[in-house]
Amino acid sequence: MRLLLDTHVVIWWLADDATLSEEIKVLIDEEPDVYVSPASIWEITIKQAIGRLKGPADLPERIRDSEFRELPIRHHHAIAAGRLPAIHRDSFDRMLVAQARCEDLTLVTRDADIHRYEVSILTA
């Protein structure tokens, strides 16, 4: 199974947070095709800058330097994100949905609004 991690899932995984089930942690650890989008790192840096996200200052670098695969944002992802139904107002989440759909990935998330899109989901 090829996975794309939502931002909160990446943070929980890095922190070994009990919010994430052992089953999901093991899947993330053992699956060779686990992706993180630069949109997640961008979201984290913005939220840290405005004080909405606590944690280590180097959290974006920790994610960048993890063994997750980078999923670059491409033109077709941007077009697909812009054309999604207006279910979710969060641009970062819309990009993740578009990337998962375009690249045939399963999006690992707990966001209820994302579940309303036609995209393969694994509930975290």
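**Ground rules.** I am working on a predicted model, in which local features need pLDDT of at least 70 and side-chain atom pairs count only at pLDDT 80 or more, while totals for chains, interfaces and linings use all residues. Residues are numbered from 1 along each chain as its sequence is written, and side-chain values use heavy atoms, with hydrogens and water left out.

I take helices (H or I, at least four residues) and strands (E, at least two) as DSSP runs, numbered from the N terminus. Glu43 forms a salt bridge with Lys47, with 3.0 Å between the closest N and O atoms. The term salt bridge requires a side-chain nitrogen of Lys or Arg within 4 Å of a carboxyl oxygen of Asp or Glu. Lys47 and Glu43 are four residues apart in helix α3, so about one helical turn separates them. Lys47 is partly exposed at 24% relative accessibility.

I then looked at the nonpolar side chains here. Trp42 lies in helix α3 and counts as exposed, at 51% relative accessibility. Ile46 is in helix α3 too, which spans residues 38-49, and is partly exposed with a relative accessible area of 33%. Trp42, Ile46 and Ile50 form a nonpolar patch on the surface, with about 320 Å² of accessible area together. Such patches are made of residues with over 30% relative accessible area and no salt bridge; like charges are joined within 9 Å, nonpolar side chains (Val, Leu, Ile, Met, Phe, Trp, Tyr) within 5 Å. The areas come from the Shrake-Rupley method with a 1.4 Å probe, and for residues only the protein chains shown count as cover.

**Entry on salt bridges.** How many salt bridges does the structure hold? I find seven. One of them joins the side chains of Arg69 and Asp33 at 2.5 Å, N to O. This pair links distant parts of the chain, as Arg69 is in strand β3 (residues 69-70) and Asp33 is in the loop between α2 and β2, 36 residues apart. Arg69 is partly exposed, with a relative accessible area of 39%. Asp113 pairs with Arg116, the closest N and O atoms being 3.6 Å apart. I also note a network of salt bridges that links Asp16, Glu22 and Lys25.

**Entry on helix α2.** In α2 (residues 22-30), I find Ile24, Lys25 and Ile28 buried. Seen down the axis of α2, the buried residues fall within an arc of 100°, so they line one face of the helix. The arc is that of the directions from the helix axis to the C-beta atoms. The face turned away from the buried side carries the exposed residues Glu22, Glu23 and Glu30. The buried residues of α2 pack against β1 (3-5), α1, β2 (34-36), β4 (106-109) and β5 (121-123), where contact means heavy atoms within 4.5 Å.

**Entry on positive phi.** Most residues other than glycine have a negative phi. I checked two exceptions. Asp16, in the loop between α1 and α2, has phi near 50° and is exposed at 54% relative accessible area. Asp104, in the loop between α6 and β4, has phi near 55° and is exposed at 64%.

**Entry on the cores.** A nonpolar core is a set of buried Ala, Val, Leu, Ile, Met, Phe, Trp, Tyr and Cys residues joined through side-chain atoms within 4.5 Å. The largest one has 17 residues, of which Leu4, Val97, Ala100, Leu105, Leu107 and Val119 touch the most other members. Helix α6 (residues 91-103) supplies the largest share of this core, six residues. A second, separate core of 16 residues includes Leu5, Val10, Ile44 and Phe68.

Thr109 is in strand β4 and buried, at 0% relative accessibility. Leaving aside neighbours within four places in sequence, the contacts of Thr109 include Asp6, His8 and Thr123. Asp111 lies in the loop between β4 and β5 and is buried, with a relative accessible area of 17%. Not counting residues up to four places away in sequence, Asp111 touches Asp6, His8, His88 and Asp93.

How values were computed. Buried means under 20% relative accessible area, exposed over 50%, partly exposed in between (1.4 Å probe, protein chains only).
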